[in-house]
Amino acid sequence: MTKNIYIIRHCKAEGQAPDAPLTEEGFIQAKELAESLSDLKVDRIISSPFVRAIQTIKPFTENKDIDIEVDSRLAERVLSTTFLTDWMEKLEETFDDMDLKFEGGESSNEAVKRIVEVVDEIVVSGSENTVMVAHGGIISLLLNFYDKSFGFEQWMGLRNPDVYHLKVTETNANFNRLLKD
């Protein structure tokens, strides 16, 4: 059986904190996203608990009349709980060394483990078409899990919002970007 997982990166937000809301532009993007995905057949919607992720998918859920399931495993990956002036270089290092871990943060492998658990549960569920809303860091690690060529450079190329279609069968998993320039 084929499972379709539509992975959405949240729209533009006012910050990185869990309670950071969408910007005014982000709310407009969320409505446009809902419209552009209106033909999608969806059985289930799972979101990060972060406000910006929930606000991103809210217009879509209202159009489809589907409840949002909140899953903390879709929260953004914490690189470190201490301020890193060179955080971009540190982040890049975590794509090269998946076990690298900074103070208070989680390694890439730890983050991958939790988001792959969500995907594995979707695959064995009765849902054929699932929308999953999360964040650039955790999404890029998931895509890297399925295609090692998706790394730091591709993370830098992600947009707000962004949408990928992950297709999982018994023997294969592949993805493609749905939002075009």
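User: What should I know about the model before we start?

Analyst: The model is predicted, so local features need pLDDT of at least 70 and side-chain atom pairs count only at pLDDT 80 or more, while totals for chains, interfaces and linings use all residues. Residues are numbered from 1 along each chain as its sequence is written, and side-chain values use heavy atoms, with hydrogens and water left out.

User: What makes the protein chain as compact as a globular protein of its length?

Analyst: Let's begin with its elements: the chain has six helices and six strands, where helices (H or I, at least four residues) and strands (E, at least two) are DSSP runs numbered from the N terminus. The radius of gyration is taken over C-alpha atoms, and the globule rule is 2.2 Å times the number of residues to the power 0.38. For 181 residues that rule gives 16 Å, and the radius of gyration of the chain is 16 Å, so the chain is as compact as a globular protein of that length.

User: Why is serine 47 called buried?

Analyst: Buried means under 20% relative accessible area, exposed means over 50%, and partly exposed lies in between (1.4 Å probe, protein chains only). Serine 47 has 0% relative accessibility, so this residue counts as buried. You will find serine 47 in strand β2 (residues 44–47). Leaving aside neighbours within four places in sequence, its contacts (heavy atoms within 4.5 Å) include Ile54, Val70 and Val133.

User: And why is methionine 88 called partly exposed?

Analyst: The relative accessible area of methionine 88 is 34%, so the residue is partly exposed. Methionine 88 sits in helix α3 (residues 87–96), and together with Trp87 and Met156 it makes a nonpolar surface patch of about 300 Å².

User: What makes a set of residues a nonpolar core?

Analyst: The set must consist of buried Ala, Val, Leu, Ile, Met, Phe, Trp, Tyr and Cys residues joined through side-chain atoms within 4.5 Å. In the largest such core, with 32 residues, Ile5, Ile7 and Met132 touch the most other members. Helix α4 gives the largest share of this core, seven residues. A second, separate core has 15 residues, among them Leu37, Val42, Val131 and Val133.

User: Which residues does isoleucine 5 touch?

Analyst: Not counting residues up to four places away in sequence, isoleucine 5 touches several residues, including Val119, Ile122, Met132 and Leu166.

Key. Patch = residues over 30% accessible without salt bridge, like charges linked within 9 Å, V, L, I, M, F, W, Y side chains within 5 Å. Areas by Shrake-Rupley, 256 points an atom, 1.4 Å probe, with all protein chains shown as cover. Salt bridge = Lys/Arg side-chain N within 4 Å of Asp/Glu carboxyl O.
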